[in-house]
Amino acid sequence: MDQLLLDTVHRIEAEWRAREVRLLKEIGSLRRGMAARDEAIANLTALLDEWLDPSELPRS
């Protein structure tokens with residue numbers, strides 16, 4: 001009985017470690033995606049700022 005319990009605990013621990021590894025990989029992937037999105041937003045904002053630069057507007 002004790003060995004069965006010990007084996008069960010080891011199996012559960014191994015499953016949790018595997019889940020943790022998968023989740024950490026997914027978190028890393030999401031962070032990279034967010035960083036790429038943030039960079040794209042920053043680039044678009046800079047382009048929009050240049051396009052809407054008040055110093056470039058015609059004077060009335």
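**Reading the chain**

Mentor: Glu15 and Arg11 are 4 residues apart in helix 1, so about one helical turn separates them. Please keep in mind throughout that this is a predicted model.

Trainee: How far apart are the closest N and O atoms of Glu15 and Arg11?

Mentor: A salt bridge calls for a side-chain nitrogen of Lys or Arg within 4 Å of a carboxyl oxygen of Asp or Glu. Here the closest N and O atoms of Glu15 and Arg11 are 3.1 Å apart, and the two residues form a salt bridge. Glu15 counts as partly exposed because its relative accessibility is 36%, and Arg11 is likewise partly exposed, at 45%.

Trainee: How many salt bridges does the count come to by this rule?

Mentor: The count comes to 2 salt bridges, and one of them joins the side chains of Asp38 and Arg37, with 2.7 Å from N to O. Asp38 is partly exposed, with a relative accessible area of 39%, and Arg37 is partly exposed too, with 45%.

Trainee: How many helices and strands make up the secondary structure of the chain?

Mentor: The secondary structure comes to 1 helix and 0 strands. The radius of gyration of the chain is 26 Å, well over the 10 Å that the globule rule gives for 60 residues, so the chain is more spread out than a compact globule.

Trainee: What share of the 60 residues in the chain is buried?

Mentor: A residue is called buried when its relative accessible area is under 20%, and in this chain buried residues make up 2% of the 60 residues. The chain exposes about 5900 Å², of which carbon and sulfur atoms supply 62%.

Trainee: Which residues form a nonpolar patch on the surface?

Mentor: The nonpolar patch is formed by Leu23, Leu24 and Ile27, which together have about 280 Å² of accessible area.

Methods
Residues are numbered from 1 along each chain as its sequence is written. This is a predicted model: local features need pLDDT of at least 70, side-chain atom pairs count only at pLDDT 80 or more; totals for chains, interfaces and linings use all residues. Side-chain values use heavy atoms; hydrogens and water are left out. Helices (H or I, at least four residues) and strands (E, at least two) are DSSP runs, numbered from the N terminus. The radius of gyration is taken over C-alpha atoms; the globule rule is 2.2 Å times the number of residues to the power 0.38. Buried means under 20% relative accessible area, exposed over 50%, partly exposed in between (1.4 Å probe, protein chains only). Accessible areas come from the Shrake-Rupley method with a 1.4 Å probe; for residues, only the protein chains shown count as cover. Patches are made of residues with over 30% relative accessible area and no salt bridge: like charges are joined within 9 Å, nonpolar side chains (Val, Leu, Ile, Met, Phe, Trp, Tyr) within 5 Å.
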